[in-house]
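Dear colleague,

Please find below the structure that I am handing over to you. My findings on part of it follow.

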Amino acid sequence: MSGGATHDAHTSTPGRALLTTLSILREDLPEDQRRSAHRGRQGVSALSNRAGGDPSLLHLSSATTEALPNPLGSVVPGKLDTGRNSFHQFLCQKLGDSVAHDLLPRRLRILGHVAVLWLEPEAIPAKARIGQVVLEFDSKIRSVLRRTAPISGPFRQPAVELIAGDAHTETAFRENRCTFHLDPMKVMFSIGNKAERARMSQLGAGELVIDMFAGIGQFSIPMAVHAHPRLVHAIEWNPDAFHYLQQNIEANRVTHLVTPHLGDTGVLAPQIAQGNADRVLMGLIQGTTRYFKQALACLHTGGILHVHEIGPRHDAAGRTVELLERAAQDERRQVTLLATRTVKTFSPGWNHFVIDARIDEVTQN
Ligand SMILES: C[S@@+](CC[C@H](N)C(=O)[O-])C[C@H]1O[C@@H](n2cnc3c(N)ncnc32)[C@H](O)[C@@H]1O
């Protein structure tokens, strides 16, 4: 992480402008990823297009897991994200000259017993051979998936294919003393959001929380396990993600702290919260701003909103803040920006950020 910068921002109050501090925490790409993003052979836009801004292709955190037995056999402790040199060197050594070394992947994400990688188009003909070698890289890997397209669609489903190993890809792993069950063939889990998951585990004590885009419980579970909220309502409309959300609530023994809801958050969130929520989590990107009206309706005055979105690095949050302020004005609410943090690099020149804001009623003069 490079140094932070501090920016002034204003709160939106109809007829009033207040000044507050907006701190921007930057997470720059490590040098090797910057080189990759800018290498002449492909060009920045080519990489950006291929990656499609898929955070799971470009995020760079390294996270360790705890060992967790799973139904398919033993799992040894390992890393969610491999050290790039060791993995690349391993592939080069095992594959010899059969595949050009600069085409071989440098990163591997490991979720339980499932390894997920992205291959350069030129390396795809060798995918079966590469997959077999990946199986040898770590004894816990039993399935190897290749991303075929960015995560997309309303359900945010991954596009992946099995290139080696076991077709049974349902798995489980532990992070921050939380257990996550999932099938990486069916649902997304962004390793790059690890720091944000850890942050959420420290917020919400005693609060009524609405997790509007719950996924498999990436935020709800750590919050419930560590912060002991009064209740988290976790809303999700993808039946596969909802299945694992329910399973994770039970596996982490937080059924009394997290209530799952299957359906459209745009309808359910305001109905459930009735304007009484202390905190609302908007853990979606590329579409979050469409739900501002409903998120605002959830919160009582003084409630806290966490908004995730993406934006160009030079002013990542600017447009989203503008839209939030406009939505607040329409609802006669006041926004006080508390902080904006970079969650991860989304694609070259673009960041995934999260805004923390306090929402109040407009005070009448
Ligand atoms: C990108 S995932 C993020 C999960 C988690 N919040 C995180 O940040 O890691 C967003 C989830 O929101 C769900 N989602 C999107 N729009 C929704 C809606 N209108 N109602 C309920 N769930 C929705 C998707 O199905 C997906 O599982």
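Two strands count as paired if DSSP finds at least two bridges between them; helices (H or I, at least four residues) and strands (E, at least two) are DSSP runs, numbered from the N terminus. The model is predicted: local features need pLDDT of at least 70, side-chain atom pairs count only at pLDDT 80 or more, and totals for chains, interfaces and linings use all residues. Residue numbers start from 1 along each chain as its sequence is written.

In E11, His 233 has Thr 259 as its bridge partner. Five bridges join E10 to E11, and the two strands run parallel. The chain passes from E10 through H8 to E11 in a right-handed β-α-β crossover (with the strands pointing away from the viewer, the path from the first strand over the helix to the second runs clockwise). E9 and E10 are also parallel, joined by four bridges, and Asp 211 has Ala 234 in E10 as its bridge partner. E9, H7 and E10 form a right-handed β-α-β unit.

Five of the six residues of E10 are buried (20 or more other C-beta atoms within 10 Å of the residue's own, C-beta atoms being placed from the backbone). In H7 (residues 220-227), the buried residues are Ser 220, Ile 221, Pro 222, Met 223 and Ala 224. His 228, which follows H7, has a positive phi near 55 degrees.

Domain 1 (5-28 + 192-361) and domain 2 (60-176) both give residues to the shell around the ligand, so the ligand lies between them; the domain bounds come from an automatic or database domain assignment.

Yours sincerely

Conventions:
A residue is buried if 20 or more other C-beta atoms lie within 10 Å of its own, exposed if 12 or fewer, and partly exposed in between; C-beta atoms are placed from the backbone.
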